[in-house]
Amino acid sequence: MNPEDVLADLERRAEGGGGAARVERQHAAGKLTARERIELLFDPGTFEEVDKLVTHRCRDFGMDQQLVPGDGVIAGHGLIDARQVFAFAQDFTVFGGSLSETNAAKIVKIMDLAMKVGAPIVGLNDSGGARIQEGVLSLGGYADIFLRNTLASGVIPQISAIMGPCAGGAVYSPAITDFTIMVRNTSYMFVTGPDVLKTVTHEEVTKEELGGATTHNATSGVAHFAVDDDRECLELIRTLLSFLPSNNLDDAPRVSRDAAGSSSDAADRDDPALDQLVPAAPNQPYDMLDLIRSVADDREFLEVHQHFARNIVVGFARLAGRPVGIVANQPAFLAGTLDIDASVKGARFVRFCDAFNIPLVTFEDVPGFLPGTVQEYGGIIRHGAKLLYAFAEATVPKVTVITRKAYGGAYCVMASKHIRTDFNYAWPSAELAVMGPEGAVNILYKRELEGAADPDRARTEKIAEFREKFANPYAAASRGFIDEVIRPRETRRKLIMALRNLQTKRDRNPPKKHGNIPL
């Protein structure tokens, strides 16, 4: 056989994966193969594979008779929307996608390359875990990957797609990365599987209930996104990358849609509907997403963690073509209070945006931290401090708009002027106070109300008096804590002007190895 034929045969075997029968089983399970996923992820014809002919070195348990070029993982680089991206895809048709010493080395190689050139890394996970036949060698491979995930954190964006099984120690690589996407009904993540749970704890639970996409997207918060199939997952990765810079030294890519070099959505567009968004009754909810979509270019908003901790909203939008990170209290859920999950969700997102030079826009309507023994016993003080720490630490451009309530410590936490927010705006409906009028009156006038001839009438009058004096933005504005009280309809224009003014912002934290965030 001549050299050309040898190469062709090896490439054919590598591209065939585990064989036609196993490929068919992959399709029957509702999943694409690793190569099909790579082809859909990258711009056509741009993917360059590395280590395509690598094979494992194990010679025990008959493994010397089972050598498949590529060894169960496809690794390489290509273009996504004409930008350089590195990726690996585990091939479940080859040894169940299990991690060996050699395919771990392939993954580590492209992670190191991604770090050197400053390009995002995408991992498509579909693996039965560590290759048992290789023992500690495969475990060492996982640790090598974990180290690279940690070193790359805050340097290049890291995205993990769970497109099949991901269990045991394998789950910790996606957990370190910036965003995790799971596919409903075909993927799962857990440290310990249902069979072991049943033996050890006598709990009976299915894989889907224990670690499926719905569980991790809505309950645990492990997954930032849940999608219906592989194609939707890969398209979401492309969309997500369009909001992100390639590395921590770059700015996020701007979208230009017209000859003027900006979004086709006018920067000075007003929305009169916003003038009626906040209800007259202070205890009546409204949907903060209406405001977010109103101000965003073309009303487009990529929400992150949509079904987890729904009392806070985080995600990406564009303003005049420039990507921004949005953090917003959601009055439609738990009245927009901050609890443990909301604090952690918000803090992680804020720190990501700060690491990658993405400006932060905060929409505030928060009555305070959620009270109760469950929250206190769970450490709401410690977890709430994470969000405070994240906002205070962030040096990217920061703009806050208070739409209604800004009470107590939660006012301070939600990107207030006092923790280095650059521009702070308030709508005329904003209320900045230690607490709401009802609670304040009960404390301030307790004795007077108890001695009143008509306590209910006296309380009503005092509440009205307190609301007139303090339940507005003007006292804060007089102190400079609010830069401007703006009309709701002009919010988009004000945000864009503020961000343009902040384009050359330079701020830094005191020199140190790193801070000690209250984990």
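This is a predicted model: local features need pLDDT of at least 70, side-chain atom pairs count only at pLDDT 80 or more; totals for chains, interfaces and linings use all residues.
User: Is Lys398 buried or exposed?
Analyst: Lys398 has its place in strand S14, which covers residues 398-407. Because a residue counts as buried when its relative accessible area is under 20%, and Lys398 has a relative accessibility of 1%, the class that applies to Lys398 is buried.

User: Which residue has its backbone oxygen 2.7 Å from a polar atom of the side chain of Lys398?
Analyst: Leaving aside neighbours within four places in sequence, the residues in contact with Lys398 include Leu360, Ile419, Asp422, Leu502 and Lys505, and Phe391 and Ala392 are also among them. The backbone oxygen that lies 2.7 Å from a polar atom of the Lys398 side chain belongs to Phe391.

User: What separates the C-alpha atoms of Lys398 and Thr206?
Analyst: Along the chain, Lys398 and Thr206 are 192 residues apart.

User: Which element gives the most to the lining of the second largest pocket?
Analyst: The second largest pocket, with a volume of about 220 Å³, is lined by 13 residues, and those nearest its centre are Phe225, Ala226, Val227, Glu232 and Gln306. Two or more lining residues come from each of strand S9 (225-227), helix H10 (230-241) and strand S10 (301-304). With 3 residues, the element that gives the most to this lining is S9.

User: How many residues of the lining of the second largest pocket are charged?
Analyst: The lining of the second largest pocket is divided into nonpolar, polar and charged residues, with 5 nonpolar and 5 polar. The number of charged residues in that lining is 3.

User: Where does His202 lie, and what is its phi?
Analyst: Most residues other than glycine have a negative phi. His202 lies in the loop between helix H7 (194-200) and helix H8 (207-211), and His202 is exposed because its relative accessible area of 66% is over 50%. Although His202 is a residue other than glycine, its phi is positive, with a value near 65°.

User: Is Asn357 buried, exposed or partly exposed?
Analyst: Asn357, which is not a glycine, has a positive phi of about 60°, and Asn357 lies in the loop between helix H12 (340-355) and strand S13 (360-366). Because the limits are under 20% for buried and over 50% for exposed, and the relative accessibility of Asn357 is 26%, Asn357 counts as partly exposed.

Definitions and conventions:
Residues are numbered from 1 along each chain as its sequence is written. Side-chain values use heavy atoms; hydrogens and water are left out. Helices (H or I, at least four residues) and strands (E, at least two) are DSSP runs, numbered from the N terminus. Buried means under 20% relative accessible area, exposed over 50%, partly exposed in between (1.4 Å probe, protein chains only). Contact means heavy atoms within 4.5 Å. A polar contact is a pair of N or O atoms within 3.5 Å; within protein, one must be able to donate a hydrogen and the other to accept it, and residues adjacent in sequence count only if both atoms are side-chain atoms. On a 1 Å grid over the protein atoms alone, a cavity is a set of points where a 1.4 Å probe fits but cannot get out, and a pocket is an open set with protein on both sides within 12 Å along at least five of seven lines; lining residues have an atom within 4 Å of a point. Grid points are joined across faces, edges and corners, and a volume is the space filled by probe spheres set on the points. Ala, Val, Leu, Ile, Met, Phe, Trp, Tyr, Cys and Pro count as nonpolar, Asp, Glu, Lys and Arg as charged, and the others, Gly among them, as polar.
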